[in-house]
Amino acid sequence: MNDFLLFVVLPYLALGTFFLVTIQRYRQRTFSYSSLSSQFLENKQHFWGSVPFHYGLLFVLGLHLAGLFIPNAILSWNAEPARLFITEITGLAMAVVALVGVVNVIVRRFNFSKARRVTTTSDWVIYLLLVVQIGSGIYVAIYQGWGSSWFATNAVPWLWSLFSLQPDVSYIASMPLSVKVHVVNAFLLIGFFPFTRLVHVLVVPNHYLWRRTQVVLWNRDRRRIRQAK
Amino acid sequence: MVFHLDKCIGCHTCSIACKNIWTDREGTDYMWWNNVETKPGGGYPTRWEDQVNYKGGWEVRGGKLRLKSTGPARVIPNIFHNPTMPSMDDYYEPWTYKYEDLFNAPEGDDQPTAIPISMVTGEYIDVEAGPNWDDDFGGSPVYAENDVNLEGLPEEVRQQMFEIQRLAFFYMPRICNHCMNPACVASCPSGALYKRGEDGIVLLNQKGCRAWRSCVSACPYKKTYFNWSTGKSEKCILCYPRVETGQAPACFHSCVGRIRYLGNLLYDADRIEETAKQDDLDLVDAQRDMILDPHDPEVIAQAKANGIADSVIKTAQESPVYKFVKEWGLGLPLHTEFRTLPMLFYVPPLSPVLSTTQGGTVRNDSDDLFADIEKARVPIQFMGKLFAAGNDGLVRYALRKQYAVRMLRRHLTVGDIDLETAQRALQEAECTQEEADAIYKLTSLATFDDRFVIPPAQREMAIEMLNDPLEHKKSTGFGFREAPQRS
């Protein structure tokens, strides 16, 4: 029963909230979509928090997504022990980088009164969830080794069973506690995501790479003004 | 836009007008979309002109015009921490006073005082910097010596500026330049900044801004500001709600010295890149070349073909900016070497007349007509660095012409300069008597309507084009329909 609540109800609730609220928020409160950077208020410690956190997390998240979408490719890459080691060690290292980053972020937000001034309750909740998430991930990586392989064989089928609306908790029920904490916390993060500044992830400015240099907007249709006479 | 610095009295009325209307909110408390600097001086934010440090604006790299530090290749990898972002310490930490202590303090032997507290944290603050902290400190070794434009000046020129008996300075009001080639617009990863086609006003879409902070670094004039409370950048909007209804922006309207002129210019936008790539010394002339003669039948025909309304062509013909910048060659852009092609032009100020007293009578130092300009307390080289990217000749030209106009007026009103001398001065300054009259009138006698020639916004057209006008019936206001809250 607990498994059903944690690994079926919670994920659906979290994903449902994620999609409904982010879309509603984007449509009705567009203004609130911002990274809410505090670099302007404290410019030095900011580097040692923000940069390792983001790059570390992006790398680890990328590995998770690769496992989710191309599990077989990951498995065949891991078939060679040396390559398995490489995946595991780099993943772990980047997770540690992310953890160092988020701890620095928290210390900075706490220590610098100007940065603390713009830190909201939802920010503190995110920091807590992130520390639990990255911390439990590192614990799993160390004590439940070769996660890059068993994630692809055991956890990914469960995720796909969720996505295909035929939830099968048997994959996840036998997992050790540390993995379950990691999973439950992940869905808490996803469910909480749309109410926080994390939404800035959804508006990363990819188009800067290919848009025209200058942006000029005309309110009037000039041709029609001329032709109207 | 033209700011006639010879008339600026440094009263800061413009700054206050702007502050009271636009930036009296939390998060904008430290912003001065309009500020008045003392030159020589460090400015606001401190040493903003130092692009070795701030890396704003454009540069020519490999034959191409590129953003100095905020192009995609630099911004995207540095998006988590912008290395060229100024912090609040480069501006100042806004503060207020704990006034309630004056009333609530318990009875005692001492007078109660109101201590300064930070407007960010509410904590006690030791005030170390503020707006116009170096106001009037023209010769100060602490503040004025920080001026970036002093670098590279010959030692004797530097000494000349700091000799206490000859101490001089002038005021330089600054707002957003609404550049032809804005670095802030080009640098915004979200594309939230844009230049309006109709009137060239550069605006920042508050809903599109995601706080990537690139614009703050990119603007070499540091005229985009980060609102620390809403997490969005903000900038001077040239009071567009006023301009659209035919009123001058608040800072222009309130200017006590009447130094500000507003009018539109017709220019060829296809030539922007080629112009911005010129060598430093050619930049001002190249930008002036881009500005088209609104009386030229060919230009008028082309403007019409491009959909410019007759009323806009008419205001371009009457534009005081066109006269100052193009016809008379008096208006010069600030730090054009940043290559944003600023659309705010400054008429460089004359320094006080040099004279000595001998036996109780005052006499001029030299018989040379323009000796005052060459030996001015604020040296031409200094102003050349500010207004002409080092091309001193352009500053000299503008100063000589202004000086010649003064001599003519002196002849006409006081009479102690004879006509012949005045005419010789005009001739040497390449100025006809009619031109001198026109300069005098627009400088000294100009009415409101002469100074502000605002093209009609034709909003009625815009509304018709975009929406059903009936949809707007009974609706009011503009801007937010939701409170600008953080999250």
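**How two chains are built and joined**

Author: In chain A, of the contacts with a separation of 6 or more, 84% are between residues 24 or more positions apart; two residues are in contact if their C-beta atoms, placed from the backbone, lie within 7 Å. This is a predicted model, in which local features need pLDDT of at least 70 and side-chain atom pairs count only at pLDDT 80 or more, while totals for chains, interfaces and linings use all residues. Residues are numbered from 1 along each chain as its sequence is written, and chains are lettered from A, with ligands numbered from 1, in the order in which they are written.

Reader: What makes up chain A in terms of helices and strands?

Author: Helices (H or I, at least four residues) and strands (E, at least two) are DSSP runs, numbered from the N terminus, and by that reading chain A has ten helices and one strand. Along the sequence they follow the pattern α-α-α-α-α-α-α-α-α-β-α, and the C-alpha atoms of chain A fill a box of roughly 75 × 45 × 40 Å along the principal axes.

Reader: How many helices and strands does chain B have, and why is it called as compact as a globular protein of its length?

Author: Chain B has 21 helices and 17 strands. The radius of gyration is taken over C-alpha atoms, and the globule rule is 2.2 Å times the number of residues to the power 0.38; for 487 residues that rule gives 23 Å, and the radius of chain B is 24 Å, close to it, so chain B is as compact as a globular protein of that length. Its C-alpha atoms fill a box of roughly 75 × 70 × 50 Å, taken along the principal axes.

Reader: What share of the residues in chain B is buried?

Author: A residue is buried if 20 or more other C-beta atoms, placed from the backbone, lie within 10 Å of its own, exposed if 12 or fewer do, and partly exposed in between. By this count 43% of the 487 residues in chain B are buried, while for the 229 residues in chain A the figure is 30%.

Reader: How do you know that E1(A) and E8(B) pair, and in which sense?

Author: Two strands pair if DSSP finds at least two bridges between them, and E1(A) and strand E8 (residues 193–196) of chain B have two bridges, in the parallel sense. Val216(A) stands opposite Lys195(B), and Leu217(A) stands opposite Arg196(B). The open sheet to which they belong has three strands in the order E1(A)-E8(B)-E9(B), with mixed pairing. Strand E1 (216–217) of chain A and strand E9 (202–204) of chain B each have a single partner strand, so they stand at the edges, with one side of each left without a neighbour in the sheet.

Reader: Which residues take part in the contact between the chains, and how many come from each?

Author: The contact takes 47 residues from chain A and 47 residues from chain B. On the side of chain B that touches chain A, E8(B) gives the largest share, four residues. That side divides into 22 nonpolar, 14 polar and eleven charged residues, where Ala, Val, Leu, Ile, Met, Phe, Trp, Tyr, Cys and Pro count as nonpolar, Asp, Glu, Lys and Arg as charged, and the others, Gly among them, as polar.
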